[in-house]
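Let's take a walk through a protein model together. Keep the structure open as you read, and look up each part as it comes along.

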Amino acid sequence: MTPPRLLGAADVRRLAESCGIRPTKQRGQNFVHDANTVRRIVKASGITADDVVVEIGPGLGSLTLGLLEVARHVTAVEIDEVLAGQLPQTIREHAPDQAGAFELVLADAMKVTELPGPEPTALVANLPYNVSVPVLLTFFERFASIRTGLVMVQAEVAHRLAAGPGSKTYGIPSVKAAWYADMKLAGSVGRNVFWPMPNVESSLVSWTRHEPLGDEALRLRTFAVADAAFAQRRKTMRAALANLAGSGAAAEEALVAAGISPQARGEQLTVQEFARLASFL
């Protein structure tokens with residue numbers, strides 16, 4: 001079987017020109033045009049020939065072709081009709097032997113509740129910067145079969161997703177992502193491999209899903225507690241949770257019951273502590 005022929009800078013510009021694409025900031029369109037970077041992303045994702053990968057925002061297909069080189073199956077979710085119209089032809093031309101292992105879904109990723117073909121086992125994507133966290137959390141929530149993966153996001157967002165308690169970047173995205181998976185930074189990506197070149201740095205975040213910390217009701221309560229705790233970062237947990245608990249005294253009672261100091265602040269608590277606290281509120 002002949003491996004896919006990955007896209008280079010000339011291919012990316014030719015494809016964009018042929019379908020009249022002018023990358024827009026609104027949709028965070030920055031296309032990777034470096035084959036070595038694509039192979040590095042695929043390798044860092046840890047996917048194997050057994051994996052069914054879902055890719056969000058495939059764009060012109062740079063990463064899609066790299067994924068088809070390794071994975072058993074790739075399902076790509078694309079919101080842009082023009083890009084979605086071009087992608088199958090690009091796959092047929094650059095990866096004819098793998099075309100049968102590719103499926104395209106024309107949809108807003110935030111509205112996708114089911115996917116065609118085999119259940120996804122991994123998620124690998126160059127996520128649009130403006131929606132990266134909500135999209136990732138949505139797919140964690142809706143597709144429990146996704147066990148591993150990697151996303152390329154704005155460096156600042158990557159650090160938030162992978163941050164642990166006590167870090168300056170630890171916050172709501174860190175807690176919510178940690179509910180589902182163990183997140184870790186997996187390297188950075190230079191601006192020069194994109195067209196057009198973004199004005200922010202990009203980083204890779206990989207993860208492995210762990211056992212659920214509780215049921216759906218506890219997840220919702222835990223997320224509500226985290227939202228309240230970080231709404232005003234400087235407040236103690238007793239003060240931050242007063243509204244949610246009904247009073248400062250009720251918040252303190254729950255905190256003490258959960259073994260957490262009422263004077264602690266949100267950025268000091270692990271996701272397990274947030275979950276324990278949520279079960280007492």
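Leaving aside its neighbours within four places in sequence, which residues is Phe139 in contact with? Contact here means heavy atoms within 4.5 Å. By that rule, Phe139 meets Val54, Ile56, Ala109, Val112, Leu115, Leu123, Ile146 and Arg209.

Before going on, a word on the ground rules. This is a predicted model, so local features need pLDDT of at least 70 and side-chain atom pairs count only at pLDDT 80 or more, while totals for chains, interfaces and linings use all residues. Residues are numbered from 1 along each chain as its sequence is written, and side-chain values use heavy atoms, with hydrogens and water left out.

Phe139 is also part of a nonpolar core. That term stands for a set of buried Ala, Val, Leu, Ile, Met, Phe, Trp, Tyr and Cys residues joined through side-chain atoms within 4.5 Å. Buried means under 20% relative accessible area, exposed means over 50%, and partly exposed is in between (1.4 Å probe, protein chains only). The largest core has 54 residues, and Leu123, Phe139, Met183, Trp207, Met237, Phe274 and Leu277 touch the most other members. Helix α8 gives the most to this core, with seven residues. Apart from it lies another core, of 38 residues, including Leu68 and Leu87.

Now look at α8 itself. Helices (H or I, at least four residues) and strands (E, at least two) are DSSP runs, numbered from the N terminus. With 16 residues, α8 reaches 22 Å from its first C-alpha to its last, close to the 22 Å expected at 1.5 Å a residue; the expected span is 1.5 Å times one less than the number of residues. Among the buried residues of α8 are Leu218, Thr222, Phe223 and Phe230. The buried residues of this helix pack against α5, α7, α9, α10 and α12.

Next come the rings. Those of Phe, Tyr and Trp (its six-membered ring) pair if their centres lie within 6.5 Å; planes under 30 degrees apart count as stacked, over 60 as edge-to-face and the rest as tilted. The count comes to eight aromatic pairs. One of them joins Tyr170 and Phe230 edge-to-face, at 6.1 Å centre to centre and 75° between the planes. Tyr170 sits in the loop between α6 and α7 and Phe230 in α8, so the pair ties together parts 60 residues apart in sequence. Both Tyr170 and Phe230 are buried. Ring pairs also link Phe140, Trp179, Tyr180, Trp207 and Phe223 into a cluster.
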